[in-house]
Amino acid sequence: MAEQPKVGADVLTKQVVYDGEGYTRQSIEGMLGEYQQKHTINLKKFEELSGAYSRLSTEMTQDIAENKSAFEYMSNILTLNEIGTNMKGLLYKLPLLRDVAPSRDLKELLGEKIEIAQRRVQEVGDYVDTLQTDIKNLQEDIVRLNKKMVAAAQNEEKAARYVLELEAYRGELEKKLASFADPKSLEAREMLAKISDVKRLIWEHGAKLRIYSNAEDRISAIINMNNNFLEIMSNLFSNMTTLYEAGNEVLNELHGNLAGLTSLSKAGELSIEMHKS
């Protein structure tokens, strides 16, 4: 059985210091309302980012599928394998440009494809940067809220311990009061006044106990909301990053093909010059 705390009259003058932020019911409800509003805004932003991911994923997946065939045609062209047939196939595989007249310069068509890919990769990169910043801010907010939650829990324990001490002291005083023969005597009146003072402190610090307990629970609920949203944002960030990396791989391939075409063109010009001389 736990030993009851030993208390005396000095419990009435004991200084109980509560660390961190002071709370009221109004400030707690205000904090919760503020975060609910913030999460509504964040969810709307997430819906926009998720929609952008779906759109870009569809566009870039289509590009990658077309590029896979286009790269095969390009490889055959650069190795001088059935140039005419592969040139027609490559022109058909260039997205958004397949209806362009085949008389246009292939390097110009490939350059336009690179420009489209660059715009999409840049757009994805901007979203990745936005998500990275939002996730960092959310993580920092969770750290700050955890500190506030711990401070509230510590204050709750301080208040609970003090209330228990006061309750124990009140019990001792009430036993002494009951032992007086005359309940109207000066000693009895003084004892009643002291018991009333103890009850006042129990009420005061009991209220703090309830406030800090409520604050701890509300902050914990906000942290849970933040952690859930952080998981959602982190998953989207991972998907966006994968899309960004895939887009860069395609872009590198396109730049390599353009460089190959340039080299092939220069080699052809040199061959013509040699035949003329």
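These are my notes from a look through a predicted model, entry by entry.

**Confidence**

I checked the pLDDT before anything else. The protein averages 77, and 71% of the residues score at least 70. Helix α3 comes out highest, with a mean of 89, while helix α2 (residues 83-93) is lowest at 44. Residues 73-104 sit below 50, though I see 49 contacts for this stretch beyond near neighbours in sequence. Residues 264-277 also stay under 50, and there the model has 4 contacts beyond four places in sequence. Where pLDDT is low, the predicted coordinates should not be read in detail, so I leave those details alone.

**Largest pocket**

Next I looked up the largest pocket, which has a volume of about 180 Å³. Which elements give two or more residues to its lining? They are α1, α3 (106-179) and α4 (186-276). Helix α3 gives the most, with 5 residues. Among the lining residues I noted Tyr35, Lys38, Asp134, Asp141, Asn226 and Phe229. By class, I get 5 nonpolar, 3 polar and 4 charged residues in the lining.

**His39**

I went to His39, which is in helix α1 (residues 25-78). Is His39 buried or exposed? His39 counts as buried because its relative accessibility is 8%, under the 20% cut-off. Leaving out residues up to four places away in sequence, I find His39 touching Ile222, Met225, Asn226 and Phe229. Two of these contacts, Asn226 and Phe229, turn up in the pocket lining as well.

**Salt bridges**

I have 13 salt bridges for the structure, and I followed up a few.

Lys14 and Glu165 meet through their side chains at 3.0 Å, N to O. This pair links distant parts of the chain: Lys14 is in the segment before α1 and Glu165 in helix α3, 151 residues apart. Lys14 is partly exposed at 40% relative accessibility, whereas Glu165 is buried at 18%.

Arg119 and Glu115 form another salt bridge, at 3.4 Å, N to O. Why are they separated by about one helical turn? Because they are 4 residues apart in helix α3. I have Glu115 as partly exposed, with a relative accessible area of 43%.

Arg170 pairs with Glu167 at 3.0 Å, N to O. Both lie in helix α3, 3 residues apart, about one turn of the helix. I noted both as partly exposed, Arg170 at 24% and Glu167 at 32%. Shared partners join Glu167, Arg170 and Glu174 into one salt-bridge network.

Terms used:
Residues are numbered from 1 along each chain as its sequence is written. This is a predicted model: local features need pLDDT of at least 70, side-chain atom pairs count only at pLDDT 80 or more; totals for chains, interfaces and linings use all residues. Side-chain values use heavy atoms; hydrogens and water are left out. Buried means under 20% relative accessible area, exposed over 50%, partly exposed in between (1.4 Å probe, protein chains only). Contact means heavy atoms within 4.5 Å. On a 1 Å grid over the protein atoms alone, a cavity is a set of points where a 1.4 Å probe fits but cannot get out, and a pocket is an open set with protein on both sides within 12 Å along at least five of seven lines; lining residues have an atom within 4 Å of a point. Grid points are joined across faces, edges and corners, and a volume is the space filled by probe spheres set on the points. Ala, Val, Leu, Ile, Met, Phe, Trp, Tyr, Cys and Pro count as nonpolar, Asp, Glu, Lys and Arg as charged, and the others, Gly among them, as polar. pLDDT is the predictor's confidence in each residue, from 0 to 100. A salt bridge is a side-chain nitrogen of Lys or Arg within 4 Å of a carboxyl oxygen of Asp or Glu.
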